[in-house]
Amino acid sequence: MLSVSISAGMYFENTGCQIMANKNNAPGQRGRRPLSIFAVLALCCFFYLLGAWQRSGSGKGDNLALKVNNLMSDCNIMPELSFESHHNDVEIIEPAEPKAKKIKACDVKYTDYTPCQEQDRAMTFPRENMIYRERHCPPEDEKLRCLIPAPNGYTTPFPWPKSRDYAYYANVPYKSLTVEKAVQNWVQFQGNVFKFPGGGTMFPQGADAYIDELASVIPIKDGSIRTALDTGCGVASWGAYMLKRNVLTMSFAPKDNHEAQVQFALERGVPAVIGVLGTIHLPYPARAFDMAQCSRCLIPWTSNAGMYLMEVDRVLRPGGYWVLSGPPINWKTYYQTWKRSKEDVKAEQRNIEELAESLCWEKKYEKGDIAIWRKKINAKSCLRKSPNLCDSDNADDVWYRKMEGCQTPFPEVSSKSEVAGGELKKFPARLYAVPPRIAKGIVPDVTAESYEEDNKLWKKHVNAYKRMNKLIGTTRYRNVMDMNAELGGFAAALESPKSWVMNVVPTSAKNTLGVIYERGLIGIYHDWCEGFSTYPRTYDLIHANGLFSMYQDSCNLEDILIEMDRILRPEGVVIIRDEVDVLNKVKKIVGGMRWEAKMVDHEDGPLVPEKILVAVKEYWVASSNNSTSSEE
């Protein structure tokens, strides 16, 4: 038998596995067969662990687990073989089962399919209060379980920042806005591309000039303003140009007769979702945004007892700003153009002023077409008390919840100078400062210490992703989504002007979206058993940590993967981090999709049960005969 001599250095501090065959084990000796490399590895591991246990002392296994994970890199048995310590392919061992079901391509007519905002279904709902423009998802038996094709001629979008100003016509083949909004400089058609001059209905001279005027009142330049909300955003030019000021804007607009305005925004590399102020709450937490604006958004702010402005108040941070440009502001100049009477528009503005005062907002500016209000920092500084306060315990419980005509109360403070809910640092210091919701113990089981550990962990994870794919962190992946964002650590580790992250907090997960906004990031609530409020092909990189473990017992994993494929751009990347058993199921489904996928080890080694699945969506487009074709 092979003899194994253990030297005094068998504790493996620096020398690795010191395995020496006995000289008596000569080749050809009867009864002495050489051991396989796997047997040698097993012996190496045995003595490695024995030495670690001996050093720890009886009952002290504190270093043992760490050494097990480092084993593959420490045991240098055969130098001529390459043993990668990070991201090795993981062999999937499972019972013999039928091959993965091939998921077919959808008909070409579904190229721009949006499951929960489809026109035919929308028209079956009441138009009152924009109910028909809200989310209306198909029932289980009507879900479209096929892969959405890209339009013929689809091209990878222009890289940022050129994408802010140009988009390929083939990617979003809708010209109606170039005619409807021609005099307002929304979008122009030139050759095979759209050009976005940076204009808007209320800023025909350009978004930069408009933002400069706002910045004369609002501290946009110094990092105090980091998150913004644009209600009724058009093609999101305001949000696009706010990015120059290091402000992240969540823009939304309905899917209506202004074809594909949100699709244009995302094609430009600007955050946006399909949405509307109707009867249900906006999918954002209380005190999320540093400012909000309506630029001729035509939302009836005084309707339904002021319910819409009360909803803006709910998501506006204490000390935040609201900008209204367009009707009824400057009504003396425009009332005839708007085809309304003086009395009507004058009364509308008066009602807005009274409602704003009741919400504890102070008017700071009105000149020309622009009016600006600032929300007070706490209730103690309010001139008037709202007679109708909402239940403060439900301020973040908004998914499919009906709005009510009540004001969300300020969090309690001890003095008139204290900011309700907690004061935030200026960005970028805000990104890693302990968020007030955590400092005040509002998020269950999350402390300042665990928050800081989470940040360290995600820096480590993202560095591992960048070693796998060196394009992560570049403009190649501009629009990024984190499907289970938790505390926002992934987005924080990626933070760069080259990309932005849509942080999704699943409705079945711990409610951490308020923390994400307090960090100066943006995100949204969502239930992944349903379609996301976006157009197809709007994200370059999708990250999902623990998502499939979360949903494996509540909805069909195939449906989630098909939805990921819908919103992912051709040649986009998916990174799924989860338990190996769950990833085996996911990889099997992916085998029937047009993805190239590979499972790799956790960055700490192969013995960690959590693995990583990396996939790239193939480039393929719809052909003219309603079938699909692949192109290189």
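## Disulfides and their surroundings

The link of cysteine 116 and cysteine 137 is right-handed, with 110° about the S-S bond. This pair links distant parts of the chain, with cysteine 116 in the loop between helix 3 and helix 4 and cysteine 137 in the loop between helix 4 and strand 1, 21 residues apart; helices (H or I, at least four residues) and strands (E, at least two) are DSSP runs, numbered from the N terminus.

This is a predicted model, in which local features need pLDDT of at least 70 and side-chain atom pairs count only at pLDDT 80 or more, while totals for chains, interfaces and linings use all residues. Residues are numbered from 1 along each chain as its sequence is written, and side-chain values use heavy atoms, with hydrogens and water left out.

A search of the whole structure finds five disulfides, a disulfide being a pair of cysteine sulfur atoms within 2.5 Å. Among them are these:

| Pair | S to S | Angle about the S-S bond |
|---|---|---|
| cysteine 106 and cysteine 146 | 1.9 Å | 105°, right-handed |
| cysteine 116 and cysteine 137 | 2.0 Å | 110°, right-handed |
| cysteine 294 and cysteine 297 | 2.0 Å | -100°, left-handed |

Buried means under 20% relative accessible area, exposed over 50%, and partly exposed in between (1.4 Å probe, protein chains only). Cysteine 106 and cysteine 146 are both buried. Cysteine 116 is buried because its relative accessible area is 1%, whereas cysteine 137, at 23%, is partly exposed.
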